[in-house]
Amino acid sequence: MDKLLKNKIFTWLLGLLLLANAATLVFFWIGRPGGDIPKGSPQEFLTKELNLNKQQQEQFDVLRREHRSKTEALREKVKAAKDELFELIKEPNATDSAKQLAARGVSMLTEEIDINTVNHFQKVRALCTPEQQQKFDGIIRQLTRMMANQRPGRPQGPPPGDGEHDGPPKDGGEHQPPPADRPGPQN
């Protein structure tokens, strides 16, 4: 009798786990949060959604080029800082403080990119009429998700493995991490 009871409990638990797994899969495949990311370029999206006039479009284009230039320069610095951080892998006596200092350098540059982006959007918002500003406030999250999906590479963390650099070195040589500027998986 005890064995029969244990089998029933096991069967119910197994069924519950299968149901939970199915719900999780449905959530990720169908009900994915952030699934409202618009298609096209952020510039086209903003121009269309805010109904920017010709003068606003020209001013926006100047701001966009300025922002892109600053951001690209900062991303290059992030790549260099990450290279320095991952060079510490080769140093068996690298201290935690050296690792923290290198990671902090990456973080500070990433923070600078974020602040640059916020400043850019404040300038873009200032171009708008009060009605457009209300619309802008309502679509900014969609816009930032759109930009994040179009950004090449990954903004944080070590680069993913690609099989070539995974595992121990095949030739007995020193194991090298993959380049930090390689694009990550696409969402």
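Residues are numbered from 1 along each chain as its sequence is written, and side-chain values use heavy atoms, without hydrogens and water.

**Overall make-up**
- Of the 187 residues, 23% are buried.
- Of the contacts between residues at least 6 apart in sequence, 69% join residues at least 24 apart (contact means heavy atoms within 4.5 Å).

**Confidence**
- The average pLDDT is 77, and 72% of the residues score at least 70 (pLDDT is the predictor's confidence in each residue, from 0 to 100).
- Helix H3 (residues 54-87) has the highest confidence, with a mean of 94, and H1 the lowest, with a mean of 75.
- Over residues 154-187 the pLDDT stays under 50, although the model has 38 contacts beyond four places in sequence for this stretch.
- Where pLDDT is low, predicted coordinates should not be read in detail.

- Asn-116 is part of helix H4 (residues 96-127).
- Beyond four places in sequence, Asn-116 contacts His-67, Lys-70 and Thr-71.
- The side chains of Asn-116 and Thr-71 make a polar contact of 3.0 Å (a pair of N or O atoms within 3.5 Å; within protein, one must be able to donate a hydrogen and the other to accept it, and sequence-adjacent residues count only if both atoms are side-chain atoms).
- His-120 also belongs to helix H4, and its relative accessible area of 8% makes it buried.
- With residues up to four places away in sequence left out, His-120 touches Phe-60, Leu-63, Arg-64 and His-67.
- His-120 and Phe-60 are separated by 60 residues in sequence, and their C-alpha atoms by 9.8 Å.

**Salt bridges**
- The whole structure holds nine salt bridges (a side-chain nitrogen of Lys or Arg within 4 Å of a carboxyl oxygen of Asp or Glu).
- Glu-49 pairs with Lys-135 in a salt bridge, with 3.4 Å between the closest N and O atoms. This pair links distant parts of the chain, since Glu-49 is in helix H2 and Lys-135, 86 residues apart from it, is in helix H5 (residues 130-150).
- The salt bridge of Glu-66 and Lys-123 has its closest N and O atoms 3.2 Å apart. Glu-66 is in helix H3 and Lys-123 in helix H4, so this pair ties together parts 57 residues apart in sequence.
- Glu-66 is partly exposed at 33%, and Lys-123 is partly exposed at 37%.
- Between Asp-137 and Arg-125, the closest N and O atoms of the salt bridge are 2.7 Å apart. Asp-137 lies in helix H5 and Arg-125 in helix H4, so the pair ties together parts twelve residues apart in sequence.
- Asp-61, Arg-64 and Arg-65 form a network of salt bridges.

**Backbone at Asn-51**
- Asn-51 sits in the loop between helix H2 (42-50) and H3, and at 63% relative accessibility Asn-51 is exposed.
- The phi of Asn-51 is near 55°, a positive value in a residue other than glycine.
- Most residues other than glycine have a negative phi.

Notes
Predicted model: local features only at pLDDT ≥ 70, side-chain atom pairs only at ≥ 80, totals over all residues. Helix = DSSP H or I, 4+ residues; strand = E, 2+ residues; numbered from the N terminus. Buried < 20%, exposed > 50% of the residue type's maximum accessible area, 1.4 Å probe, protein only.
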